[in-house]
Amino acid sequence: MIVRRLPAALLALVVPLSLTLLLTACPASSSTGGPGAKSGASASGDDMKAGAQATDFTLRDSEGRNVSLSDYLGKQVVLIDFWATWCVPCQAAIPHLKQLYESRKDKGFVVLGIAMDGPETIAQVPTFVQRYQMSFPVLLDEETKVVNVYNPKRTAPLSLLIDKAGKIVKIRSGYNAGDEKLIESEVDALLQ
Amino acid sequence: MTRRAAPAVVALLAAVVVAVVALGAPRRAEALNFRIKGQSFRLDITESLFSSYRGDLGSLVIERTRDGQRVVGAHFYDLINRLNLTLAWKKLRFFTRFDTAVYFDTPNGACGDPTTTPVPLRSRFCQRYFWLEKIGIEYVGRELEVTAGDFYVSFGRGLVLSLRKVDELGIDTTLLGGKVVVRKENVSATFVAGVTNVQNTDDSTGRSTPDPFDVIAGSRVELRLADKVILGIHEAGGVFLGPGQSRTAQRRDGMFMYGVSLDVPRATKWLSLYAEGAGQLVQAEDARDQGYALYASATAQAGPVSILVEAKHYSKFQRWRSSIDQSLAEFNPVAYNQPPTAERVLTELTSPIFDVTGPRLRLDWRATPWMLVFASTGYFEDRGSPDKVKRIYHDPYAGLEFRWQNGASHFFPSGGIRFELCGEVPSACLPIPGTNWYQTIGHVEWDFTQALPKRLSIESQGFALFREGEGLGDATTSVKWTEGNAYLALKWTPYLILVGGYEWSTRPSTKVNEHFFNGSVQWNITTASSLRLFAGGMRGGLRCISGICRDFPAFTGVRLEVVIRL
């Protein structure tokens, strides 16, 4: 579809941004505000009542077994973390994720680490897993199939937090020092 | 677009962006959920907008006055937009991506008739207001996946077929057609067929290309044996244009590849193995060529020590190139297979797969819970460099990872030196005087973070290259130069990031020594949406990722980046 001349240049920007504006102005189907709504819940708890059912996928893990998201959906709180061996912020974040997983896995929490490494660096994944003693499931997405679903910009790291009902409640792009405390409080709120 | 109107339009666009961002700021970072006739749907939106004032047109195109004098300080504006939409309902998912690439104040004659337009302006700054870049619908079940439309595909380790995103090089190639994946107990099979769909516009240079629509088909079967071994058999083939053929001509050149892979992720508790071989038949310009590739890797762990060994042997093994016009250098890295090079990810590689053999070893030692040391070395013999000279590479490097404050702070330094030696025909390989080295590349990299109170942190990252040779001198004079990046950032998690940067290159080319300074501020609107403003300069030069290299022009100007994720 081609639209010509100056008005079209404005149209080219306004159309996608207007669509975004329109959709951002629409309330979420399970909003937490409104007259009579209870107050006093923590800000992170209110933020996490809305969401959407996560799309299932099946990938092979680092030990060659097929793992599906539906193995955990609706049963546990799931944190999907997209990472790669060449991603330095991922190297900073992973020890915190490991600590978070090990301290809460018995409460119904799981971390699924999805490696975005392609043919060039996929061979480094096993040593990376061993080096960082990643005790949570590590899945291999060489084809970027799941990346295309949840992480179309191929951001590394990118995490999605899914509640026990299978709904996505938080998406976090990148990692900065101090993010681990925020993630911890968000996970704890869902585990209550 | 007139010169006077351009700044006003850009200002208006920026105002619209800011307004949208401000309205979107209170939004939580989750998808949009709605119901139609009792059915639940989910809509994911990822919107990326990049708008630049580029005061460096001379990096791309030399503008001259009527008297033939070079115009200094020529500039232009661009607006790049990517809108990803995904609609999910039960096991069905519909996805699409719309792109925009609009340019203002560009040179006369840009994007003109390809037969008469000079190469610097050919296919450059073509106005693409709003076009459909990717589209598809897929069904995802545990035992069956079906996709109609655009999809990514990779067989094994990419020797035979690999269509993926490589954002760092502006590559995003999909197959537009059909894909079926069937899984049943210990067997899975994948069937694909379609035409290639590339990213049509290169953001950094403004060059665009139509889709090559090269026809490709392939299949792969995997068998899981004894719950330990995964045996894979695959094949792929396709046709593409020969040199000089028009896009509407019948494709006369083709490629067919076949391969086998053996994956043993847990041979023992401490050992994992992988091996793959591929054969290649190429029909090009009425001649036939054959080649083959062998690749293997092994990983072993013993307590705090892990070892990785990779090895490759490629014999006349060609990259599966596209039919895109080869004069458009930005799109030369587009290829349909991606064999592993076993090299450092960011290393410059001249001929990483055609006719090359060698191993790489990497050793990691977790000395303490907060310190890790690693070392690696590689040795490769290249028989297929363009001047037909046997060249030898040595590439040792080492580094460490040190953390403190319970992992909140870290320091990751590394460094090494790559030696490239002239081989059997030294006269065809200009060595550094007094040596038989073609070039040496010393490198240092670092990444440092110090956490501070009140969710503040200070970070620094960068690299420096110390280079000599590369045929730039003569029989008696050696040429040395350095280049690199250094960045310093102050972060206030999760809200704000302030960055200052310095880039440089003293490469002895037609340009003088180049020094670039820049700064940026990023506001994280939500945990997944951000607005970033960049001003200053970034050096140009060769950038290599995973054995694929391309030249990027320098950037001088102002750039606004908005990413909104819903």
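Is B:Cys111 buried, exposed or partly exposed, and what is its relative accessible area? B:Cys111 is partly exposed, with a relative accessible area of 33%. In this report, buried means under 20% relative accessible area, exposed means over 50%, and partly exposed lies in between (1.4 Å probe, protein chains only).

## Model and confidence

This is a predicted model in which local features need pLDDT of at least 70 and side-chain atom pairs count only at pLDDT 80 or more, while totals for chains, interfaces and linings use all residues. Residues are numbered from 1 along each chain as its sequence is written, chains are lettered from A and ligands numbered from 1 in the order in which they are written, and side-chain values use heavy atoms, with hydrogens and water left out.

The model scores ipTM 0.87 and pTM 0.87. The pLDDT is the predictor's confidence in each residue, from 0 to 100. For chain B it averages 85, and 85% of the residues score at least 70. Over residues 1–5 of chain B, however, the pLDDT is below 50, and this stretch has 5 contacts beyond near neighbours in sequence; a contact means heavy atoms within 4.5 Å. Residues 25–29 of chain B also stay under 50, and the model has 19 contacts for them beyond four places in sequence.

## Disulfides

A disulfide is a covalent bond between the sulfur atoms of two cysteines.

In chain B, the sulfur atoms of B:Cys111 and B:Cys126 are 2.0 Å apart and form a disulfide. The link is right-handed, with 105° about the S-S bond. Both B:Cys111 and B:Cys126 lie in the loop between strand E4 (92–104) and strand E5 (128–140) of chain B, so the pair ties together parts that are 15 residues apart in sequence. Helices (H or I, at least four residues) and strands (E, at least two) are DSSP runs, numbered from the N terminus. B:Cys126 is buried, at 11% relative accessibility.

In chain A, a disulfide joins A:Cys87 to A:Cys90, with an S to S distance of 2.1 Å. The torsion about this S-S bond of A:Cys87 and A:Cys90 is about 85°, so the disulfide is right-handed. A:Cys87 is buried at 3% relative accessibility, and A:Cys90 is buried at 1%.

## Salt bridges

Side chains of opposite charge can pair when their charged atoms come close. A salt bridge is a side-chain nitrogen of Lys or Arg within 4 Å of a carboxyl oxygen of Asp or Glu, and the structure holds 39 of them over all chains. One of these joins A:Arg104 and A:Asp188, at 2.6 Å from N to O. This pair links distant parts of the chain: A:Arg104 is in helix H3 (residues 88–104) and A:Asp188 in helix H6 (residues 179–191) of chain A, 84 residues apart. A:Arg104 is buried, with a relative accessible area of 11%, whereas A:Asp188 is partly exposed at 27%.

In chain B, B:Glu483 forms a salt bridge with B:Arg467, the closest N and O atoms being 3.0 Å apart. B:Glu483 belongs to strand E26 (residues 480–492) and B:Arg467 to strand E25 (residues 456–469) of chain B. Both residues, B:Glu483 and B:Arg467, are buried.

## Nonpolar cores

A nonpolar core is a set of buried Ala, Val, Leu, Ile, Met, Phe, Trp, Tyr and Cys residues joined through side-chain atoms within 4.5 Å. The largest has 53 residues, and those with the most contacts inside it include A:Phe57, A:Trp83 and A:Tyr150. Beyond residues up to four places away in sequence, A:Tyr150 touches several residues, among them A:Phe57, A:Leu69, B:Arg42 and B:Arg565. A second, separate core of 35 residues includes A:Ala123, B:Leu161, B:Val192 and B:Tyr393.

## Backbone features

A cis peptide bond joins A:Ala156 and A:Pro157, with omega about -5°. A:Pro157 is placed in the loop between helix H5 (145–150) and strand E7 (158–162) of chain A. A:Arg154 also lies in the loop between H5 and E7, and it has a positive phi of about 55° although it is not a glycine. A:Arg154 is buried at 9% relative accessibility.

In chain B, phi of B:Ala226 is near 50°, a positive value in a residue other than glycine. B:Ala226 is exposed, at 73% relative accessibility.

Technical notes
Disulfide = S-S within 2.5 Å.
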